[in-house]
Amino acid sequence: MGVHLITGAGSGIGAAVAALFASRGQELWLLARNEARAEELRARFPESRTLVADLSAPASIRDRLAAQVLPGRLDSLLHVAGVVESGRVGELSAESWQDTLAVNLVAPAELTGVLLPALRAGRGHVVFVNSGAGVHAPPRLSAYAASKFGLKALAESLRAEEYAHGVRVTTVYPGETDTPMQVRLHEQFGLPYQPEAHMSPASVAAAVVTALDLPRDATMSDLMLRPGC
């Protein structure tokens, strides 16, 4: 039975991944930003265990987790949580930049560092759910794209550093997916929203599990997903 730790399991892609693992009877550890959110996650996934740490305050993650029971081994660590704020470069505040980079880049780096012993023990797999904006920066999403470009670099360095320990690393680049974040973005851009034109979170979750299930003699380092026809 696999042991998997997921961020962002409250909605969208993270919830779909958690549901897929739960259907396979695998052990879930879910990261919540506070105790109230942890209770919600446990109610939704009754067999799961929760950890509490605020990704918007990455400097506090190590101390918060040091006071909690962590898994001794992990088969996967899935970074799904993320934030986005639209705005032109001349409009975005320093606070917006800092908040976006904290959640989308610094927190995944810190959380991975804390959990590396468990990942090494399990010869585990780190999955970073990135974005199409991680390879092509669109207008009005500079802070988000910068955080995702940085996440790509983090994954590449981690892959090279942990190869000798048997830890695999995959970056997934989903295109437009039917999530609450996508709905908000369409609202901010003043665009009509058509769910049927987007991928479902379940389809992205299936792709993530495909990468995890790959035999150990190969690594799916980068996985690009786009809405089908």
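Colleague: How many bridges join strand S1 to strand S4?

Modeller: Before the answer, please keep in mind that this is a predicted model. Strand S1, which covers residues 3-7, is joined to strand S4, residues 76-79, by 3 bridges, and the two strands run parallel. His-4 is the residue that stands opposite Ser-76 in S4.

Colleague: And which strands make up the sheet, in what order?

Modeller: The sheet is an open one of 7 strands, with parallel pairing, and its order reads S3-S2-S1-S4-S5-S6-S7. At the edges are strand S3 (49-52) and strand S7 (222-225), each of which pairs on one side only. If direction is ignored, neighbouring strands of this sheet are turned against each other by 20° on average.

Colleague: What about S4 and S5, how many bridges are there?

Modeller: There are 4 bridges between S4 and S5, and these strands also run parallel.

Colleague: Is S5 mostly covered or mostly open?

Modeller: S5 is mostly covered, since 5 of its 5 residues are buried. His-125, Val-127 and Val-129 point one way from the strand, while Val-126 and Phe-128 point the other way, and all of them are buried.

Colleague: Which strands does H4 lie across?

Modeller: Helix H4 lies across S1, S2, S4 and strand S5 (125-129), and the helix runs at about 170° to S4. The helix takes in residues 94-121, and Ala-94 is found in it.

Colleague: Is Ala-94 buried or exposed, then?

Modeller: Ala-94 is exposed, because its relative accessible area of 53% is over the 50% cut-off. If you want a distance from there, the C-alpha atoms of Ala-94 and Arg-42 are separated by 35 Å, and the two residues are 52 apart along the chain.

Colleague: Changing topic, where is Ser-56?

Modeller: Ser-56 sits in the loop between S3 and helix H3 (61-66). Its relative accessibility is 44%, so Ser-56 counts as partly exposed, a class that lies between the 20% and 50% cut-offs.

Colleague: What does Ser-56 touch?

Modeller: Leaving aside residues up to four places away in sequence, Ser-56 touches Ala-102 and Val-103. Between the C-alpha atoms of Ser-56 and Gln-98 the separation is 9.3 Å, with the two residues 42 apart along the chain.

Colleague: How many cavities of 30 Å³ or more turn up in the whole structure?

Modeller: A search of the whole structure finds 1 cavity of 30 Å³ or more, and the volume of the largest cavity is about 30 Å³. Its lining consists of Thr-7, Leu-55, His-79, Ala-81, Val-103, Ala-107, Pro-108 and Leu-111. H4 gives the largest share of that lining, 4 residues, and by class the lining has 6 nonpolar residues, 2 polar and no charged.

Colleague: And the largest pocket, how much space lies in there?

Modeller: The largest pocket holds about 1200 Å³ of space. It is lined by 45 residues, and those nearest its centre are Gly-82, Val-83, Tyr-144, Thr-179 and Met-181.

Colleague: Which element gives the largest share of that lining?

Modeller: That is H6, with 7 residues of the lining of the largest pocket. Among the elements that each supply at least two residues are also helix H1 (12-23), strand S2 (27-32), helix H2 (35-44) and helix H5 (142-162). By class, this pocket lining divides into 22 nonpolar, 16 polar and 7 charged residues.

Note on methods
Residues numbered from 1 in each chain as written. Predicted model: local features only at pLDDT ≥ 70, side-chain atom pairs only at ≥ 80, totals over all residues. Heavy atoms only, no water. Buried < 20%, exposed > 50% of the residue type's maximum accessible area, 1.4 Å probe, protein only. 1 Å grid on protein atoms, 1.4 Å probe; cavity = no way out; pocket = protein on both sides within 12 Å on 5 of 7 lines; lining within 4 Å. Points joined across faces, edges and corners; volume = space filled by probe spheres on them. Nonpolar A, V, L, I, M, F, W, Y, C, P; charged D, E, K, R; others polar. Pairing = 2+ DSSP bridges. Axes fitted to C-alpha atoms, helices over the stretch in contact; angles between N-to-C directions. Contact = heavy atoms within 4.5 Å.
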